[in-house]
Amino acid sequence: MLELKPTCECCGEVLPPNSPKAVICAYECTFCLTCAREHLNHICPNHGSKLVERPSLPVSAMVSPLSGASSTSAV
Ligand SMILES: [Zn+2]
Ligand SMILES: [Zn+2]
Ligand SMILES: [Zn+2]
């Protein structure tokens, strides 16, 4: 199962689960977007795998009570 690491493995920057700055390789190494871009060239240094944007947590796992603005428009 997917184990989300909370920090960049390169610089140690904290990357919250919903951080848009987190990227992962195919083997789930986690880096920040800055490291990926600045000196990793979007390639995992451990595996040579491409670094891609980390998907955020599934919606079913995080239901936000604040976003309920799509229920009163029947056509
Ligand atoms: Zn970093
Ligand atoms: Zn890796
Ligand atoms: Zn770095």
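**Fold and sheet**

Modeller: From the N terminus on, the protein chain runs β-β-α-β. Keep in mind that this is a predicted model.

Biologist: How many helices and strands are there in the protein chain?

Modeller: One helix and three strands.

Biologist: In what order do the strands sit in the sheet?

Modeller: The order is S2-S1-S3 in an open sheet, and the pairing is antiparallel.

Biologist: And which strands stand at the edges?

Modeller: Strand S2 (30-32) and strand S3 (52-53) do. Each has a single partner strand, so one side of each lacks a neighbour in the sheet.

Biologist: How many bridges join S1 to S2?

Modeller: Three bridges join S2 to strand S1, which covers residues 22-24, and the two run antiparallel.

Biologist: What stands opposite Ala-22 there?

Modeller: Cys-32 in S2.

Biologist: Switching to the interior. What share of the residues in the protein chain is buried?

Modeller: Buried residues are 19% of the 75 in the protein chain.

Biologist: Which residues make up the largest nonpolar core?

Modeller: There are twelve: Cys-8, Leu-15, Ala-22, Val-23, Ile-24, Cys-25, Phe-31, Cys-32, Cys-35, Ala-36, Cys-44 and Leu-51. At least two residues of this core come from each of S1, S2 and H1.

Biologist: Which element gives the most to this core?

Modeller: S1, with three residues.

Biologist: Take Ala-36. What does Ala-36 touch, leaving out residues up to four places away in sequence?

Modeller: Val-23, Phe-31, His-42 and Leu-51.

Biologist: Now backbone angles. Where is Glu-28 placed, and what is the phi of Glu-28?

Modeller: Glu-28 is in the loop between S1 and S2. The phi of Glu-28 is positive, about 75 degrees, although this residue is not a glycine.

Biologist: Is Asn-41 buried or exposed?

Modeller: Asn-41 is exposed, because 10 other C-beta atoms lie within 10 Å and the cut-off for exposed is 12 or fewer. Asn-41 also has a positive phi, about 55 degrees, without being a glycine. Its place is in the loop between helix H1 (33-38) and S3.

Biologist: And how many other C-beta atoms does Glu-28 have within 10 Å?

Modeller: Glu-28 has 14, so this residue counts as partly exposed.

How values were computed. Residues are numbered from 1 along each chain as its sequence is written. Chains are lettered from A and ligands numbered from 1 in the order in which they are written. This is a predicted model: local features need pLDDT of at least 70, side-chain atom pairs count only at pLDDT 80 or more; totals for chains, interfaces and linings use all residues. Helices (H or I, at least four residues) and strands (E, at least two) are DSSP runs, numbered from the N terminus. A residue is buried if 20 or more other C-beta atoms lie within 10 Å of its own, exposed if 12 or fewer, and partly exposed in between; C-beta atoms are placed from the backbone. Two strands pair if DSSP finds at least two bridges between them. A nonpolar core is a set of buried Ala, Val, Leu, Ile, Met, Phe, Trp, Tyr and Cys residues joined through C-beta atoms within 7 Å. Two residues are in contact if their C-beta atoms, placed from the backbone, lie within 7 Å.
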